Amino acid sequence: MVIDSKQYRGRLQLDRDGLLWHGRHLLISRLRRVRWEADQADEVLGIAEIQVGAIVAVHGARVPWGHLEVDGVSVAAARRVPDLLQALPPILGPERVAWLADRARLRFRPAA
């Protein structure tokens with residue numbers, strides 16, 4: 001799961017076309033960037049039975065209904081993210097998680 005944290009003031013709005021706005025700013029490019037990051041992680045890890053998900057954790061601003069899905073990205077109030085993660089069904093056992101963590105350590109480069 002890729003989780004991007006954003007600080008906004010006020011509230012987010014979902015228009016009738018399903019587009020997410022913060023005031024006058026359309027958030028489609030930010031959501032696409034997070035989805036792209038998740039896709040990159042998915043490609044680097046290269047595990048067929050796993051798809052890396054994307055979440056934007058919003059601090060400060062109100063998220064409509066507390067959580068919504070836009071363009072394949074979950075957008076949620078930051079305080080709700082732990083509950084979203086705990087609600088996901090378990091996909092991997094402990095041994096597979098350890099193997100995947102080792103694979104990630106080998107394949108991902110440190111941030112500059």
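How much accessible surface does the chain have, and what share of it belongs to carbon and sulfur atoms? In this predicted model, the accessible surface comes to about 8000 Å². Carbon and sulfur atoms account for 52% of that area. The chain has 112 residues, and 35% of them count as buried. Its C-alpha trace spans about 45 × 30 × 25 Å along the principal axes.

The chain holds 3 helices and 7 strands. Their order along the sequence is β-β-β-β-α-β-β-β-α-α. Contacts were also examined by sequence separation. Among those with a separation of 6 or more, 55% join residues 24 or more positions apart.

Strands of a sheet pair through backbone hydrogen bonds, in either a parallel or an antiparallel manner. Here, three strands make an open sheet in the order β2-β3-β4, with antiparallel pairing. The edges are taken by β2 (12-14) and β4 (25-26). Each of these has a single partner strand, so one side of each is left without a neighbour in the sheet. The antiparallel strands β2 and β3 are joined by 3 bridges. L14 stands opposite L20, a residue of β3.

H22 also belongs to β3, which covers residues 20-22. H22 has a relative accessible area of 17%. This value is under the 20% limit, so H22 counts as buried. Beyond its neighbours within four places in sequence, H22 is in contact with Y8, R9, R11, L12 and L27.

Nonpolar side chains tend to be buried together in soluble globular proteins. The largest nonpolar core in this model has 23 residues. Those with the most contacts inside this core are L12, L20, L31, V56, V58, V73 and V75. The most comes from α1, which gives 5 residues.

V56 shows how parts of the chain meet. Its contacts, leaving aside neighbours within four places in sequence, include L31 and V34. They also include V73, S74, V75 and A76. D4 and K6 complete the list for V56.

Apart from neighbours within four places in sequence, the residues in contact with I47 are D42, R96, W99, L100 and R103. D83 lies 36 residues from I47 along the chain, and the C-alpha atoms of the two are separated by 25 Å.

Nonpolar residues also occur on the surface. M1, I3, L85 and L88 form a nonpolar patch there. Together they have about 340 Å² of accessible area. One of these residues, L85, lies in helix α2 (residues 81-87). The relative accessibility of L85 is 33%. That value falls between the 20% and 50% limits, so L85 counts as partly exposed.

Definitions and conventions. Residues are numbered from 1 along each chain as its sequence is written. This is a predicted model: local features need pLDDT of at least 70, side-chain atom pairs count only at pLDDT 80 or more; totals for chains, interfaces and linings use all residues. Side-chain values use heavy atoms; hydrogens and water are left out. A nonpolar core is a set of buried Ala, Val, Leu, Ile, Met, Phe, Trp, Tyr and Cys residues joined through side-chain atoms within 4.5 Å. Buried means under 20% relative accessible area, exposed over 50%, partly exposed in between (1.4 Å probe, protein chains only). Helices (H or I, at least four residues) and strands (E, at least two) are DSSP runs, numbered from the N terminus. Contact means heavy atoms within 4.5 Å. Patches are made of residues with over 30% relative accessible area and no salt bridge: like charges are joined within 9 Å, nonpolar side chains (Val, Leu, Ile, Met, Phe, Trp, Tyr) within 5 Å. Accessible areas come from the Shrake-Rupley method with a 1.4 Å probe; for residues, only the protein chains shown count as cover. A salt bridge is a side-chain nitrogen of Lys or Arg within 4 Å of a carboxyl oxygen of Asp or Glu. Two strands pair if DSSP finds at least two bridges between them.
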